[in-house]
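Work through these exercises with the structure open beside you. Try each task before you read its solution.

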Amino acid sequence: MRAAVVLLTRDLRVHDHPALAAAAAEAELVVPLFVIDDRLLELQGSANRLAFLIDSLEDLRRSLRGLGGELVVRRGDPVAETVLVARQVAAQAVFLTEDASAYALAREHRLRSALGRERVALRSESGIAAVPLGDLLPADGDHYRVFTPFWRRWREHPLRSPLAAPGLRRAAGVEEGTIPDLAEMTALAVSPSLPPGGETAGRERMERWLEGGIERYAELHDDLAENATSGLSPYLHFGCVSPLELAARARSHPHGEAFARQLCWRDFYLQLLHANPHLARNDYRPRGDAWLEDAQALAAWREGRTGYPVVDAGMRQLRREGTMPGRARLIAASFLAKDLYLDWRLGAAHFSEQLVDGDVASNTGNWQWVAGTGTDPRPNRTFNPTRQALRFDPRGDYVRRYVPELAGIDGAAVHEPWKLGRGRPSDYPDRVIVHETAAAAFRARRRGRSAS
């Protein structure tokens, strides 16, 4: 094969890249192409993710040049732009990494049709998940609906060896195109404490994590004040780090099982989305919920002014840093869906706007799990925010870090400012709702829906 195009999407790396490696092995000339899709930006626009994306593209361009290639950047419809580049270099094939969302599946279908008219082959390769989509199937269906049996299969499933970065030869006469500045793509503000994007930063973080942080992950990953998570989720979302390589190394690490289990959750939600492409809009298991409409309550939740310090700390961290620990996400999500009884889609949309790792599969899967419309076998469970805070932030350090109005309150008392009497700071809001009352109302609603 003389020439091939590799259409890059959420696979912005050169190490362990099956599509890139296959193209390099089969074609004399390889054109790595990234198309900035304005329609996708409108649907899923996030200043935090755009900033991370730009870093990642710049880093990828440097890496590809080091291998003898070049990153070609275009802006517009990814199908039309890919066809144009394929024509320009007389490509015999386009290589693409599989993905799971409705948008990605529709893009692949359109691309296959358009390339077919050009008599150009489309090759879809694995690379988005540690275990390729479709490799693990239950005996009675096309996907796993419960995590535990998926985990049992996943943890024993053999993984191939990670692939080395390939040598490349670039096609002459193809204009590389410009990676735009952030200001050209959005007027929205970026969270002030974002990590740098790109494979170089991602691999450095991965090595530090595997050399040290992973050893205490099982013990500390839910400790809000410790911030003992890997910080690798945005690098996984953009494919700056190979999920397969990370999973293989976690599996082989003597203290890696708890972290490997989290990587398995990522694959679980990917296979769930792949089998249900409209999961971001539709309940996986409808419960007949008639969600309330309360703009003031929704605004208080978004702004971190609910009167529950642990909820507010998480939401303010999200706005400031573009991320929050998994435990804080669960607490904040449960509060929106089950205390305020607001539609989980509103929360998922806000997370998607703010999170630098705003992945459709994981974000939607986790929100539906918390709302009781997803895969949780106990769909009516509620998280008591005060009990969660006392358990996972027992000294109150996490709350004081992100809620400055409460910084002067010592110890665990910071979690229940409504009990402080005159010592309660006047600039911190009252509770928008009492959890115990709200939880009882939620359970009554669900019982009523089940009976009807």
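**Exercise 1. A residue in a helix**

Task: Find the helix that holds Ser56. Then decide whether Ser56 is buried or exposed, and list what Ser56 touches beyond its sequence neighbours.

Solution. 
- Step 1. Ser56 lies in helix H3. The model is a predicted one.
- Step 2. Ser56 has 0% relative accessibility. Buried means under 20%, so Ser56 counts as buried.
- Step 3. Leave out residues up to four places away in sequence. Ser56 then touches Leu12, Gly197, Gly198 and Cys240.
- Step 4. Look also at Phe238. Along the chain, 182 residues separate Ser56 from Phe238, yet their C-alpha atoms are 8.1 Å apart.

**Exercise 2. Another residue of that helix**

Task: Is Arg61 buried or exposed? Which residues does Arg61 contact?

Solution. 
- Step 1. The relative accessibility of Arg61 is 10%. The cut-off for buried is under 20%, so Arg61 counts as buried.
- Step 2. Set aside the neighbours within four places in sequence. The contacts of Arg61 are Glu70, Leu71, Val73, Glu176, Gly177 and Ile179.

**Exercise 3. Reading the sheet**

Task: Write down the strand order of the five-stranded sheet. Then name its edge strands and describe how strand S1 pairs.

Solution. 
- Step 1. The order is S3-S2-S1-S4-S5 in an open sheet, and the pairing is parallel.
- Step 2. The edges are S3 (72-75) and S5 (121-125), since each pairs on one side only.
- Step 3. From one strand to the next, the twist averages 25°.
- Step 4. S1 (residues 3-8) is joined to S2 (residues 29-36) by six bridges, and the two run parallel. Leu8 has Phe34 as its bridge partner in S2.
- Step 5. S1 also runs parallel to S4, with four bridges between them. Here Ala4 is partnered by Ala93 of S4.
- Step 6. Helix H5 (residues 102-117) lies across S1, S4 and S5, and runs at about 150° to S5.

**Exercise 4. A strand inside the structure**

Task: Why is S4 described as largely enclosed? Sort its side chains by the way they point.

Solution. 
- Step 1. Count the buried residues. Five of the five residues of S4 are buried, so the rest of the structure largely encloses this strand.
- Step 2. Recall a rule: in a regular strand, side chains alternate between the two faces of the sheet.
- Step 3. Sort the residues of S4. Ala93, Phe95 and Thr97 point one way, while Val94 and Leu96 point the other way.
- Step 4. Check the pairing with S5. Five bridges join S4 to S5, and the two run parallel. Val94 stands opposite Leu122 in S5.

**Exercise 5. Two helix pairs**

Task: Describe how H4 packs with H5, then how H13 packs with H16.

Solution. 
- Step 1. Helix H4 (residues 78-88) packs with H5 at an angle of about 35°, and their axes are 9 Å apart. The crossing is right-handed.
- Step 2. List the residues that meet. H4 supplies Pro78, Val79, Thr82 and Val83, and H5 supplies Tyr103, Arg107, Arg110, Leu111, Ala114 and Leu115.
- Step 3. Sort them by class. Seven are nonpolar, one is polar and two are charged.
- Step 4. Turn to H13 (residues 295-303) and H16 (residues 344-354). Their axes come within 12 Å and cross at roughly 35°. H13 passes H16 in a right-handed crossing.
- Step 5. The classes here are four nonpolar, two polar and one charged.

**Exercise 6. The nonpolar cores**

Task: Which residues of the largest nonpolar core touch the most other members? Which helix gives this core its largest share?

Solution. 
- Step 1. The largest core has 111 residues. Leu12, Trp154, Phe259 and Trp301 touch the most other members.
- Step 2. Helix H12 (residues 257-275) gives the largest share, nine residues.
- Step 3. A second, separate core has 23 residues, including Val83, Ala114, Leu115 and Val120.
- Step 4. Return to Leu12. Among its contacts are Phe34, Ser56 and Cys240.

Technical notes
Residues numbered from 1 in each chain as written. Predicted model: local features only at pLDDT ≥ 70, side-chain atom pairs only at ≥ 80, totals over all residues. Heavy atoms only, no water. Axes fitted to C-alpha atoms, helices over the stretch in contact; angles between N-to-C directions. Contact = heavy atoms within 4.5 Å. Buried < 20%, exposed > 50% of the residue type's maximum accessible area, 1.4 Å probe, protein only. Left-handed = near helix turned anticlockwise from the far one by under 90°. Nonpolar A, V, L, I, M, F, W, Y, C, P; charged D, E, K, R; others polar. Core = buried A, V, L, I, M, F, W, Y, C linked by side-chain atoms within 4.5 Å.
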